[in-house]
Each structure stands twice: as C-alpha cells, then as structure tokens.
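Dear colleague,

Please find below the structure that I am handing over to you. My findings follow directly after it.

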Amino acid sequence: MTSVEEHPNVQLLKKVYAAFGVGDVETASQYWHEDAVHHYPGRNPLSGTHKGLEDSIAFANKIFELTEGKLFMEAWEVGASEGHGFALLNTRYERKGKVLEMPFVNVARIVDGKIAEFWTYPEDVHATDEFWNS
C-alpha cells in the first residue's frame, strides 16, 4: 500500500480539533493568528463575528461554560488546499438537560500555517439558535 502524506493544513486542523475536543482551548489557540476572525451564524449568545485571538478564545470558553464541558466533536472528514481547510463534524452539545446533536461544517482560511479566518456552519441554524437561547 502506498503511503500518502497529509497536507500540512489537514494536520493543522486535526491538531486544533484534538486540543479543542478535550477542552484545551489554550493549545488550540496556538494554531490561530493573533488577528484571526471567527464567524458564527445565527441569533444566539455565540453568534457574530469574533475578531482577534482574544475574542475567539472567549467564544470557545463560552461554549465550554454554557455546556459545562458536555460537548463532543468528531471530525470525520478533514481536507485542505494551500489556502483553506475544512472539517465535517459530528457535534453533540448538552445544556440544561437538552441535547443538540447534528453535523457541522467548518471552513478555515489558513495563512502561514495558522488559521486566519474561520466559518462555522451548523446543519440547522434554527435548532442551534433554539438550543443556545434556552
């Protein structure tokens, strides 16, 4: 069988999800530019354009706070080109006795080996809003 090396941007995203998946926001943040921008859709406490690393870290910490650490993300497909990467995720959040479980797609613009811009796309933004607003 022929061995194929993973694209560096695939490796980058896998490192981000490995760290974030266990609540290690500090390690995950090392893979983001200081002026990175994270776009999260909808009309809920997490929605908006989070500008800068500090804002993106606050966003990530807010997810862990709201779920009390009860979250699970499995990246079942990760791909990349020279300037972008994507991940298809199975995601499960628990909050106040409720569960949100659905696929998400994340897209990252990658510059010099770090995330410069990041977009989150849940399968159902209305269900996501309902979950975070309850």
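The chain exposes about 7,600 Å², and carbon and sulfur atoms supply 51% of that area. Please bear in mind that this is a predicted model.

Turning to the fold, the chain has four helices and six strands. Read from the N terminus, these elements follow the order α-α-β-β-α-β-β-β-β-α. The radius of gyration is 15 Å, close to the 14 Å that the globule rule gives for 134 residues, so the chain is as compact as a globular protein of that length. Along its principal axes, the C-alpha trace spans about 50 × 35 × 25 Å. Of the contacts between residues at least 6 apart in sequence, 48% join residues at least 24 apart.

Buried residues account for 42% of the 134 residues. In soluble globular proteins, nonpolar side chains tend to be buried together. Here, the largest nonpolar core has 34 residues, and those that touch the most other members are Phe 20, Trp 32, Leu 46, Ile 63, Tyr 93, Ile 115 and Trp 132. Helix 1 (residues 8–21) provides the largest share of this core, with seven residues.

Which residues does Ile 63 touch, not counting those up to four places away in sequence? They are Leu 46, Leu 71, Tyr 93 and Trp 132.

With kind regards

How values were computed. Residues are numbered from 1 along each chain as its sequence is written. This is a predicted model: local features need pLDDT of at least 70, side-chain atom pairs count only at pLDDT 80 or more; totals for chains, interfaces and linings use all residues. Side-chain values use heavy atoms; hydrogens and water are left out. Helices (H or I, at least four residues) and strands (E, at least two) are DSSP runs, numbered from the N terminus. The radius of gyration is taken over C-alpha atoms; the globule rule is 2.2 Å times the number of residues to the power 0.38. Buried means under 20% relative accessible area, exposed over 50%, partly exposed in between (1.4 Å probe, protein chains only). Contact means heavy atoms within 4.5 Å. Accessible areas come from the Shrake-Rupley method with a 1.4 Å probe; for residues, only the protein chains shown count as cover. A nonpolar core is a set of buried Ala, Val, Leu, Ile, Met, Phe, Trp, Tyr and Cys residues joined through side-chain atoms within 4.5 Å.
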